[in-house]
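Let's take a friendly walk through a protein chain, looking at how its side chains meet. Have the sequence and the 3D view ready as you read.

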Amino acid sequence: MPLDEVIYCDIRFDDETSGETPEMFQFIQKAEKILKDRWNINVTHIKGITFKEQFYKIKQKGKHIGDNYGFPYVVGAWCNNRLKIVPINKYLKSIQEPYKQYIGIAYDEPKRYERLDKEKCIAPLYDLKITEKEAMEICRQNDLLSPIYKTSFRGGCWFCVKQNLKQLEWLYNTHRELWNKLKEMQKDSFNTFKPNYSIDDLERKFKKKR
């Protein structure tokens, strides 16, 4: 199938710090080199507003007018739209000629496929009846399997409020420098990081288990 480029939304915590965990950040660099060297596929990086910039933006409407945005809510989080969807849509609008997006929906994800905008998007895995497990094996054979799959954790940003407690404990124990960035911001947020836990609450909880 013809492929002009791969689009990667480079979500940032701030200008200096990636939203990816260090392990995933290193893998992305490796994957991009494989794509270029083996198949001459270019990866276009797209960046939007950083997490920290949006965190400190002042609310102009709603219950907390005058407060900064603070941590996203678990339900209705602002981060996916502001940090990912907006910059992707902006880039796609800049493309002058007709195009189709390839979306990685596997054959065993029929509900996701039903929601797909088939005027603008193609799901090659679904069309070729390739399941998630089979797609993972293709990645493994090409040395393109993300290190995320070696753990029980979900992928995504290290500052995501939707992480479970096990993953947050891993972040606290493994990447204290990133954890401390969130800890510093807690004092500037009108809401806690998780609905029932501030960063300090989580830290006390994790320390008890050590």
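## Salt bridges along the helices

Being 3 residues apart in helix α6, R140 and E137 are separated by about one helical turn. Helices here are DSSP runs of H or I with at least four residues, strands are runs of E with at least two, and both are numbered from the N terminus. R140 and E137 form a salt bridge, with their closest N and O atoms 2.7 Å apart. That term stands for a side-chain nitrogen of Lys or Arg within 4 Å of a carboxyl oxygen of Asp or Glu. R140 is partly exposed at 45% relative accessibility, and E137 is partly exposed at 33%. (Buried means under 20% relative accessible area, exposed over 50%, and partly exposed in between, with a 1.4 Å probe and protein chains only.)

How many salt bridges does the structure hold? There are 11. In helix α1, D37 and K33 lie 4 residues apart, about one helical turn, and their side chains meet in a salt bridge of 2.6 Å, N to O. Both D37 and K33 are exposed. Helix α9 (residues 199-208) holds K207 and E203, again 4 residues apart; their salt bridge has its closest N and O atoms at 3.3 Å. K207 is partly exposed at 46%, whereas E203 is buried at 8%. Salt bridges with shared partners also link D10, R12 and K47 into one network.

## About the model

This is a predicted model, in which local features need pLDDT of at least 70 and side-chain atom pairs count only at pLDDT 80 or more, while totals for chains, interfaces and linings use all residues. Residues are numbered from 1 along each chain as its sequence is written, and side-chain values use heavy atoms, leaving out hydrogens and water.

## The chain as a whole

The chain has 9 helices and 4 strands, following the pattern β-α-β-α-α-β-α-β-α-α-α-α-α along the sequence. Its C-alpha trace spans about 50 × 45 × 35 Å along the principal axes. Of its 210 residues, 37% count as buried.

## Aromatic rings in pairs

A pair of aromatic rings is described by the distance of the centres and the angle of the planes. The structure holds 17 aromatic pairs. (Rings of Phe, Tyr and Trp, the last by its six-membered ring, pair if their centres lie within 6.5 Å; planes under 30 degrees apart are stacked, over 60 edge-to-face and the rest tilted.) One of them is the tilted pair of F13 and F159, at 5.9 Å centre to centre and 50 degrees between the planes. F13 lies in the loop between β1 (6-9) and α1 (22-39) and F159 in the loop between α6 (132-141) and α7 (165-174), so this pair ties together parts that are 146 residues apart in sequence. F13 is buried at 1%, and F159 is buried at 3%.

F55 and F71 make an edge-to-face pair, with 5.2 Å between centres and 70 degrees between planes. F55 is buried at 0%, and F71 is buried at 1%.

## Charges over rings

Which ring lies under the charged end of R176? The ring is that of Y172, with the charge 3.9 Å from its centre. K118 lies over the face of Y113, at 4.4 Å from the ring centre. (Such a charge is NZ of Lys or CZ of Arg within 6 Å of the ring centre and within 35 degrees of the ring normal.)
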